[in-house]
Amino acid sequence: MKEKGRDIFYPIINAVIIAGVIIWFIGLYYLMIKAGIPYQDPPLDLWIQYEINAGIGDILMGIGFKITVSGCILRLVLYLIRKNGRRNNRCL
């Protein structure tokens, strides 16, 4: 029964980690490519467009980083629980 739970949770956690990395790369794209380097003394409409794209990039990079780290922490916790469970089963 424990192996079935592991078979269910590990792919989900892996998908969460991969999704976080993809979201982080999309944010990096918005920040580096879409927003780019701001013009020197730009007109108001170009400045607004730059701020919007840079803001989207910042938010997506933050969300992607948090998702990736939380997935890694969850995977580490499940690994430690599994390792501790094996150790307890040997003593019985």
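Trainee: In which helix is Ile48 found, and which residues form a nonpolar patch on the surface?
Mentor: In this predicted model, Ile48 is found in helix H2. With a relative accessibility of 42%, Ile48 lies between the limits of 20% and 50%, so it counts as partly exposed. Ile48 also belongs to a nonpolar surface patch with about 460 Å² of accessible area together, and the residues that form this patch are Leu44, Trp47, Ile48, Ile52 and Ile56.

Trainee: How many helices and strands does the chain have, and what share of its residues count as buried?
Mentor: The chain is made with 2 helices and 0 strands. Helix H1 covers residues 2-35 and helix H2 covers residues 44-91, with a loop between them. Of the 92 residues in the chain, the share that count as buried is 15%.

Trainee: Is Asn53 buried or exposed, and which residues does it touch beyond four places away in sequence?
Mentor: Asn53 has its place in helix H2. Its relative accessibility is 7%, which falls under the limit of 20%, so Asn53 counts as buried. If residues up to four places away in sequence are not counted, the residues that Asn53 touches are Tyr30, Lys34 and Ala35.

Trainee: Why does the pair of Tyr29 and Tyr30 count as it does, and how many aromatic pairs does a search of the whole structure find?
Mentor: A search of the whole structure finds a total of 3 aromatic pairs. One of them joins Trp24 and Phe25, whose ring centres are 5.2 Å apart and whose planes stand at 75 degrees, so this pair is edge-to-face. The rings of Tyr29 and Tyr30 have centres 6.0 Å apart and planes at 80 degrees, and because an angle over 60 degrees is what the class requires, this pair is edge-to-face. To return to the number asked for, the aromatic pairs found in the whole structure number 3.

Trainee: What are the relative accessible areas of Tyr29 and Tyr30?
Mentor: Tyr29 is partly exposed, and its relative accessible area is 41%. Tyr30, which is touched by the buried Asn53, is itself partly exposed, with a relative accessible area of 23%.

Trainee: Where does Asp41 lie, and what is its phi?
Mentor: Asp41 lies in the loop between helix H1 and helix H2, and at 71% relative accessibility it counts as exposed. Most residues other than glycine have a negative phi. Asp41 is not a glycine, and yet its phi is positive, at about 50 degrees.

Trainee: Which backbone oxygen lies 2.8 Å from a polar atom of the side chain of Thr68?
Mentor: Thr68 lies in helix H2, and with a relative accessible area of 16% it is buried. Leaving aside neighbours within four places in sequence, Thr68 is in contact with Ile17, Gly20 and Val21. The backbone oxygen that lies 2.8 Å from a polar atom of its side chain belongs to Gly64.

Notes
Residues are numbered from 1 along each chain as its sequence is written. This is a predicted model: local features need pLDDT of at least 70, side-chain atom pairs count only at pLDDT 80 or more; totals for chains, interfaces and linings use all residues. Side-chain values use heavy atoms; hydrogens and water are left out. Rings of Phe, Tyr and Trp (its six-membered ring) pair if their centres lie within 6.5 Å; planes under 30 degrees apart count as stacked, over 60 as edge-to-face and the rest as tilted. Buried means under 20% relative accessible area, exposed over 50%, partly exposed in between (1.4 Å probe, protein chains only). Helices (H or I, at least four residues) and strands (E, at least two) are DSSP runs, numbered from the N terminus. Patches are made of residues with over 30% relative accessible area and no salt bridge: like charges are joined within 9 Å, nonpolar side chains (Val, Leu, Ile, Met, Phe, Trp, Tyr) within 5 Å. Accessible areas come from the Shrake-Rupley method with a 1.4 Å probe; for residues, only the protein chains shown count as cover. A salt bridge is a side-chain nitrogen of Lys or Arg within 4 Å of a carboxyl oxygen of Asp or Glu. Contact means heavy atoms within 4.5 Å. A polar contact is a pair of N or O atoms within 3.5 Å; within protein, one must be able to donate a hydrogen and the other to accept it, and residues adjacent in sequence count only if both atoms are side-chain atoms.
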